[in-house]
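Let's take a friendly walk through a protein chain, one stop after another. Keep the picture open beside you as you read.

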Amino acid sequence: MTSLVALLGGCAGTGGFSVFSKEQAESPFGAYLAGRHAATMNDGSKAAVFYERALKDQPDDPVILERAFMAALTAGDMARAVPLAQRLSVIEPSERMARLTLALAALREGRYGDASREMDAAAPGPFTALVGTLTHAWAAVGDGDRQRALDKIAAFEGRAAFALFRSYHEALMLDVLGDREGAAKAFEKAMEASGGGSIRVVQAYASFAARHGERDEARKALTSFIEMSGEHPLAEYELKRLDAGETPPPLVANAHEGVAEALYGLGSALASDTSTNLAELYLNLALFMRPDFDIARSLLGGAYETQKRWADAVDSYQRIGKSSPLYLNAQIQTAMSLDKLDREEEAVRVLQRLARDNPDRIEPLVALGDIHRAKEKYAEAAAEYERAIILAGEPAERDWTLYYARGICFERLGEWDKAEKDLQLALELSGEHPLVLNYLGYSWIEQHHRLDEALEMIEKAVERRPNDGFIVDSLGWARYRLGQYDLAVKYLERAVELQPGDPTINEHLGDAFWKVGRRIEARYQWSHALSLEPEPVREAILRTKLDFGLEAGEKAEQDAKAKPQAGS
């Protein structure tokens, strides 16, 4: 029988198919296409179901089988992925990911010899150089074979990119095996390699030190991490445990938790790469090995947010229990994702409950303010920021964002005296952060107030963030307000290059084009700005500019500002 994939010519995309009837999806062709479509929509679970349906017609098709397996794996659907890996390994005996999956399943069940044999069968390559080596080594730890474990990770010798992985996992392995002296030396190397800036390395080292009577050293490592990296719920939690006289358990207690740690490390390293689903894949594998791995689950939720998969993010965050130090943050991110799903009331209820349950924490209040501000409910947002500011106490450097956010709300509410005071304090507390320089400078330019100082501030902001389209737009608009239209065009064209999808920046460029006599281009920019869904008030002004020119648009804008606002 001819392969479905061959008949479809490889089918790089879904060929325009986006909706499938029940009858279509149940046919082999339709199921395959539906699987491809589900995969492009990042719905791995559905993709795996459809691919398996296609496999009923051609059970040995290696392409469909591999797609079904990878879809299930990426979605964390291990109940499907493991049997598919078994089938794939028969057809493609050296397929790396299938062998890794089978090795993990074996290691999870304590079948350490089988785990090693599965990794031995995998084809060599960059993949096996790291994850395969660590899986091998942890399987040896499971067998209690210290020398074999060390021999395996000795493969990292002289490879700078793997130096931290080697020293960290060597420390964890020797700790599990009861080699205190060896673990101490390896932890020292890991702390040095990480610069004390990796929360997992610091947690593991602090636990090791505390369990061996060096509680002050544990406290020092955690405190240094917080001073270097800022507040972190896991570091703060560990400090509280030490202060309460508790002795923390090992971060990794056995072989399968060790492999989970390795997979989490890979997922964390790949989290910034949004071009693939590899981070998601490795994090789901980490959770397969250790279902209570809250930091992996939290990072997975963040990966879903980056992909704008808000429902998946909510599901991931909601699996983090109340006893976890990451619970508060997980609930806040749940609320923010719910808001993105247009479930604002639900999001607000989550945050209000958090605020009641955590009366000493400002984070739920700030999140409430952010949600209200994004919805242009500036009075409600300012009230939440006010509560957070009162709770924060005497203004400190870390509080600059509170004053900056409240200042924006006051400015939008027309309460400029209050806004200016907040923005100037935010500028001082932040050490002249580019965002504050830009907002305050732009506001002064709009008011034709302190123009020279405002221009200097915006130029400083652009110098610090030359590729920020919004800040470059401010500089162009400042030049426009000063009557320097040629310079305005120069900067505004650059701003549009950097931020092509913003209606305000495109409108500004249209205004500048009009001033230098490039009126056809001006109307093009205004038309483009209209297509980018500006605010209703701006939409009316843009239409006036298109129909009657810039001067008529400016008159319409003045009339709109003079008109009393609803509720005022």
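Start with helix α30, residues 503-515, and helix α31, residues 519-531. In this predicted model, the two pack at an angle of about 165°, and their axes are 8 Å apart. An angle over 145 degrees counts as roughly antiparallel, and therefore α30 and α31 are roughly antiparallel to each other. The crossing of these two helices, α30 and α31, is left-handed.

Which residues make the contact between α30 and α31? On the α30 side they are Pro503, Asn506, Glu507, Leu509, Gly510, Asp511, Phe513 and Trp514. On the α31 side you will find Arg519, Glu521, Ala522, Arg523, Gln525, Trp526, His528 and Ala529. Sorted by class, the residues of the contact between α30 and α31 are seven nonpolar, four polar and five charged.

Asn506 sits in helix α30. Is Asn506 buried or exposed? Its relative accessibility is 1%, and under 20% counts as buried, so Asn506 is buried. If we leave aside its neighbours within four places in sequence, Asn506 is in contact with Val496, Pro500, Gln525, His528, Ala529 and Leu532. Three residues to look for there, Gln525, His528 and Ala529, are also part of the α31 side of the helix contact.

Now zoom out for a moment. How many helices and strands does the chain have? There are 33 helices and zero strands. The chain has 568 residues, and 49% of them are buried. The chain exposes about 26,900 Å², with 50% of that supplied by carbon and sulfur atoms. Now consider contacts between residues at least 6 apart in sequence: 51% of them join residues at least 24 apart.

With that overview in mind, move to another group of helices. Two packed helices are described by the angle between their axes and the distance between the axes. Helix α21 covers residues 344-357, and its axis comes within 8 Å of the axis of α22, the two crossing at roughly 160°. Therefore α21 and α22 are roughly antiparallel to each other. The crossing in which α21 passes α22 is left-handed. From α21, the residues Glu344, Ala347, Val348, Leu351, Gln352, Leu354 and Ala355 take part, and they meet Pro364, Leu365, Ala367, Leu368, Ile371 and His372 of α22. This contact of α21 with α22 holds 10 nonpolar, two polar and one charged residues.

Helix α22 also packs against α23, at an angle of about 160° and with the axes 8 Å apart. That makes α22 roughly antiparallel to α23. Here too the description is a left-handed crossing, with α22 passing α23. Leu365, Val366, Leu368, Gly369, Asp370, His372 and Arg373 are the α22 residues in this contact. Their partners in α23 are Tyr378, Glu380, Ala381, Glu384, Tyr385, Arg387, Ala388 and Leu391. By class, the contact of α22 with α23 divides into eight nonpolar, two polar and five charged residues.

Because its relative accessibility is 62%, Lys308 counts as exposed.

At 23% relative accessibility, Leu299 counts as partly exposed. Apart from neighbours within four places in sequence, Leu299 is in contact with Tyr264, Gly267, Ser268, Ala271 and Leu283. Leu299 and Leu283 are 16 residues apart along the chain, and their C-alpha atoms are separated by 7.9 Å.

Our last stop is Ala154, in the loop between α10 (146-153) and α11 (163-176). Ala154 has a relative accessible area of 34%, which means that it is partly exposed. From Ala154 to Arg166 there are 12 residues in sequence and 7.9 Å in space, C-alpha to C-alpha.

Conventions: Residues numbered from 1 in each chain as written. Predicted model: local features only at pLDDT ≥ 70, side-chain atom pairs only at ≥ 80, totals over all residues. Heavy atoms only, no water. Axes fitted to C-alpha atoms, helices over the stretch in contact; angles between N-to-C directions. Helix = DSSP H or I, 4+ residues; strand = E, 2+ residues; numbered from the N terminus. Parallel < 35°, antiparallel > 145°, perpendicular 65-115°, else oblique. Left-handed = near helix turned anticlockwise from the far one by under 90°. Contact = heavy atoms within 4.5 Å. Nonpolar A, V, L, I, M, F, W, Y, C, P; charged D, E, K, R; others polar. Buried < 20%, exposed > 50% of the residue type's maximum accessible area, 1.4 Å probe, protein only. Areas by Shrake-Rupley, 256 points an atom, 1.4 Å probe, with all protein chains shown as cover.
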